[in-house]
Amino acid sequence: MKDFDRLIMTDLSKSYGDLHVLKDFNLTVDRGEFVTLLGPSGCGKSTALNCISGLLRINDGRIQIDDEILDDGRHIFVSPEKRGFGIIFQNYALFPHMTVYNNIAFGLSVSHQPKDEIKKRVEEAIRMVHLEGQEQKFPGQLSGGQQQRVAIARSVVIEPRLLLLDEPLSNLDTKLRIEMRYELKQIHKRLKRASVYVTHDQSEALALSDKIVIMKIGKIQQIGTPKEVYLHPANRFVADFMGYKNIWKAKISEITESEGQRQIVLESKGFKFISRSTIADNIQGDTAVINAAKRGEEVLVAIRPDDISLGATAVNTLEAIVEVTEYLGTANQISARFTDDTLMQARVTPSHRISVNERVSFHIDPQKIVVIPEDEEEA
Amino acid sequence: MDRRKGWSAETIGFLFPAVVFLLAVFIYPFIYAVQLSLTDSEGAFTLGNYVKFFTDLVELKTVWITLKISLPVTILSIVLAIPIAYFMRRGIKHEKLVTFLMMLPMTLGVVLIAEGMITYFGRNGWVMLLLEQLGLVADRSSLIHNYFGVAASLFIQTFPMGLIILIGYTSGIHSSLEMAATMLGATSAQTFWRVMFPLMMPGILIAFALNFTSAFSVFTSAIMLGQPTSQTRVMAYAAYVHAYEYFDYNFCSTICILMIIVQLIIIGFVFAFRNRLYKGASAVGKG
């Protein structure tokens, strides 16, 4: 099917009775783009995917591809089999009574393609997913990874104009998941077709996506490139999801901006912090932070465990009493308690010897302290 | 778990009650019946009972009569159950009530159904009177005490069983298979015939086999709602007559053994047909 320039979703909403599973959902997917919907279970990411596929109807809003409206929540509805999209399910959904060959050929054969054409394209797809020699086996005779490959081949062989992937890797073991992740990326590069990918795994999202959409209970929290959402989370929820395990309330005492750099001086837990960042226009959280500072309201500082190091330095030094240390091989995971009884998570190089109940100094690079607004609903 | 092959003392011990039960109530009576069918009243070996069955047109005709009643009833009950089971595969509103109502005929018992049908469908029953008023029937004697009466009551008895087996099968087919077919561009008809129907097939065959064997051994309905001496002289009735009116247990056993053989032949045909169909379906599109 012919390619498109833009898939546009405007103000989508979907609810079951009083339960809003999707609300004010606005998103565009450009030609060839790999977009990931990321969030914990129940955040509405799969619902959004099913609305795009047409397996679910929206209650309100509009889904369109360029000028063609697919669903307007009222009169217009293009049924899923006519949308020309491919989908890969978490459980693969292979037809158990068909061979690998017939599974892959299914989409072509229901649209009455000539037999030679089917054969040619199915063989090509089988080569692409490295399943040569497995054509006459049934899905039950294949391993999980092989079944996944069949599912991929089956959905790309029909040359969908959009590929939808619903947690396709979550049934695989860690090693295979990383291998398949790499292969999915290769396939996406080769096909050059837009994809919408749903996952709850942030590392998958970061590795695969051009654009990440982070969702929580039916609402989009942040849209950005992997780097943007990783380095500049828009609110507490996104920060927490992106692995900022230390999120503390803080009060801004000073903001200075010069030569494209912004420096924020804050106070938290009785310590003084300095956060330095490059000023960028498209960072969602920044405006909210600056507005909060003007009103004298509290903000949050977010710090990853990996960005906390041992020892005191000139700035950003803090002290806490070590409660637990865990040896993780590449690092020591430390839980330390502040005087206000809250805990800090740090991951430091394992060469340091630290004993429990010891009072220890830590420091944090000013570039690694992220300031986010206190109230995530405002973001 | 310990998965030793071979027969340990425990295995034999656990199997013992089941084996005794099978031997006592199934194997022994079966062998006894086979032996009876192959002997005369003096106990001497003979093939005479079988010769008699196949040469006496009245007896031979019972095979045809029984098949003529049981096969169409079975086929109709399954053909009707397939779309209903398909429709109910994701559950429906008030499913428990609907299932209960459908199961009710199974709990009523054959005699009660027959009594009811005699009352409602009989010469002065309200169904008959209604049909007459509507001008749909010429006289008031066509619904019971004939082929239709027996077939209708058999349908009422067997349909729920087949339907319940099929609902179990269809609801066990994961909904993502249908979604996958749809997303691959299949119309709902293509999805049904190429994905759902083949996956329902094992259930269809089991339902067919159960409904057929239960319809083939029809006895009570054939007497109460049919004409057991002529139009609905089914095999089970013939066996009964020979056993309890002529006291010829040997010939009765012969009829019973032949009933088993006919049923096995029909079920064998159905499964052979399925195997051909199944291989055919999975060969589509092979280069």
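Reader: Is strand E9 of chain A buried or exposed for the most part?

Author: A residue counts as buried if 20 or more other C-beta atoms lie within 10 Å of its own, as exposed if 12 or fewer do, and as partly exposed in between, with C-beta atoms placed from the backbone. In strand E9 (residues 211-216) of chain A, five of the six residues are buried, so the strand is largely enclosed by the rest of the structure. Strands (E, at least two residues) and helices (H or I, at least four) are DSSP runs, numbered from the N terminus.

Reader: Before we go on, what kind of model is this?

Author: This is a predicted model, in which local features need pLDDT of at least 70 and side-chain atom pairs count only at pLDDT 80 or more, while totals for chains, interfaces and linings use all residues. Residues are numbered from 1 along each chain as its sequence is written, and chains are lettered from A and ligands numbered from 1 in the order in which they are written.

Reader: Thanks! Which strand pairs with E9(A) in the parallel sense?

Author: Two strands pair if DSSP finds at least two bridges between them. Strand E3 (residues 34-38) of chain A is the parallel partner, with four bridges to E9(A); A:Val35 has A:Lys211 as its bridge partner. Strand E10 (residues 219-224) of chain A runs antiparallel to E9(A), and five bridges join them. There, A:Val213 stands opposite A:Ile223. E9(A) and E10(A) form a hairpin with two residues between them, and A:Ile217 in the turn has a positive phi of about 25°.

Reader: What is the strand order in the open sheet that contains E17(A)?

Author: In a regular strand the side chains alternate between the two faces of the sheet. Here the five strands follow the order E15-E19-E16-E17-E18 in chain A, with antiparallel pairing. Strand E15 (308-310) and strand E18 (343-348) of chain A are the edges, each pairing on one side only. From one strand to the next, the twist averages 50°, where axes are lines fitted to C-alpha atoms, for helices over the stretch in contact, and angles run from 0 to 180 degrees between N-to-C directions. Strand E17 (residues 332-337) of chain A pairs with E18(A) over six antiparallel bridges, and A:Ile334 has A:Ala346 as its bridge partner.

Reader: Now to chain B: how do helices H7 and H9 of chain B cross?

Author: Two packed helices are described by the angle between their axes and the distance between the axes. The axes of H7 (residues 147-171) and H9 (residues 188-216) of chain B come within 9 Å and cross at roughly 160°. H7(B) and H9(B) are therefore roughly antiparallel to each other (angles under 35 degrees count as roughly parallel, over 145 as roughly antiparallel, 65 to 115 as roughly perpendicular and the rest as oblique). The contact of H7(B) with H9(B) has 12 nonpolar, seven polar and no charged residues; Ala, Val, Leu, Ile, Met, Phe, Trp, Tyr, Cys and Pro count as nonpolar, Asp, Glu, Lys and Arg as charged, and the others, Gly among them, as polar.

Reader: How many residues does each chain give to the contact between chains A and B?

Author: Two residues are in contact if their C-beta atoms, placed from the backbone, lie within 7 Å. Chain A gives 26 residues and chain B gives 20. On the chain A side, H2(A) gives the most, with seven residues.
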